[in-house]
Amino acid sequence: MSVVVPAIDEAGALAALLADLQAQQAVALQVIIADGGSDDDTPAVARRHGAEIVHSAAGRGAQMNAGAAAARGDWLCFLHADSRLTHPNQLADAVAHLRDSGTARVAGHFALRFVRTTAGRRRFYRHLEAKSATGRRYTINGDQGLVLPAAFFAELGGFDTRLPFLEDQRMAAAIERAGAWRLCPHRLATSARRFEREGERARYLLMALIMAMHIVELDAFFARAPGVYARQRDTGRLALTPYFRLLRQLWRDCGLRAGLRVAWRIAGVALTQSWQLFFAVDVLLEPVLGRGRRLATRLHDRFLWRLIQHPPGQALLMVCLLFLVFGPLQLWCRLREKSFSNRP
């Protein structure tokens, strides 16, 4: 297996992952660090742990494609630099699990476990961890890792590099169209540092906004907000007001009719995610009902989904989303940003 890790200024996090990879059993590994122009000791850390280094333009998709081009393994595994393996046979078990699927067009991901440095927000992280195990559409992200045959990766054409981010979502969609996803054994630990530094609710809200703009292909949003996903080293408390200001400007630029068409499409996508509200209830009740019992989600999938998916429901949701985006959410963002801007 060839393990590709894209990195920019990740000397602090990378050593632990490389030690985990060195401890893996029952699998022969080629470890490749795809460096996007680090100014710190990332290359030196990689060399000390016996990893190969390839250099690339910045951007996870471009870096991972460069790493894959240097790979010699029959299997590829893509991991983020702040990931941690939780079992000594994790990669070998992933390959065995995918081989048992009976198809060569298969890819695997891991459920997450967040590594945190601050207390609080337990329900928030418990929800994210549980959702990472569902494998539902739009829930598979790059921080969950990606394991697949090298031949399948080549067939897919590598990662999409049109944007310096969202390569994971485009790859997930390509895999879903051409093959199948499988949840691999053992959890993958990942750092909660971006959530903690930027603010959990603000980061989650911006992620939802990014996904909405991506799904409805509103490229003007990304063209006019190039810093929508900052490098880890550049992150701080996240201000959302500029993005809502951009949404208002885009609405004015495209006109009422076109704006309503975009809002209608976003509401349609949001309806396909209606299960998440019921899933959140299940996660909330886990301490009472036990882990893994998804009674509300099953109720949604078996009965309620058909009642929700219709034009009147989509119209109602569109109105609610417009009210939230251009009303209470903006007020919450302004109050939040005012509070942390006044801190010493």
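Biologist: Which residues of α1 are buried?

Modeller: Buried means under 20% relative accessible area, exposed over 50%, and partly exposed in between (1.4 Å probe, protein chains only). Helices (H or I, at least four residues) and strands (E, at least two) are DSSP runs, numbered from the N terminus. In α1 the buried residues are A11, A13, L14, L17, L18, D20 and L21. This is a predicted model, in which local features need pLDDT of at least 70 and side-chain atom pairs count only at pLDDT 80 or more, while totals for chains, interfaces and linings use all residues. Residues are numbered from 1 along each chain as its sequence is written, and side-chain values use heavy atoms, with hydrogens and water left out.

Biologist: Against which elements do the buried residues of α1 pack?

Modeller: Contact means heavy atoms within 4.5 Å. The partners of these buried residues are β1 (2-7), β2 (30-35), α2 (42-48), β5 (83-85), α4 (90-99) and α8 (193-198).

Biologist: Which residues make the nonpolar surface patch?

Modeller: Such a patch joins nonpolar side chains (Val, Leu, Ile, Met, Phe, Trp, Tyr) within 5 Å, from residues with over 30% relative accessible area and no salt bridge. Here V281, L284, L285, V288, L289 and L295 make a patch of about 490 Å². Helices α12 (275-284) and α13 (286-289) each give two or more residues to the patch. V281 lies in α12 and is partly exposed at 39%.

Biologist: How many salt bridges are there?

Modeller: A salt bridge is a side-chain nitrogen of Lys or Arg within 4 Å of a carboxyl oxygen of Asp or Glu. The count is 14. One of them pairs E10 with R193, with the closest N and O atoms 2.7 Å apart. E10 is in the loop between β1 and α1 and R193 is in helix α8, so the pair ties together parts 183 residues apart in sequence. E10 counts as buried, at 10% relative accessibility.

Biologist: Where do R136 and D301 lie?

Modeller: R136 forms a salt bridge with D301, the closest N and O atoms being 2.5 Å apart. R136 is in the loop between α5 and β8 (146-149) and D301 in helix α14 (residues 295-308), 165 residues apart. R136 is partly exposed at 26%, and D301 is partly exposed at 33%.

Technical notes. Patch = residues over 30% accessible without salt bridge, like charges linked within 9 Å, V, L, I, M, F, W, Y side chains within 5 Å. Areas by Shrake-Rupley, 256 points an atom, 1.4 Å probe, with all protein chains shown as cover.
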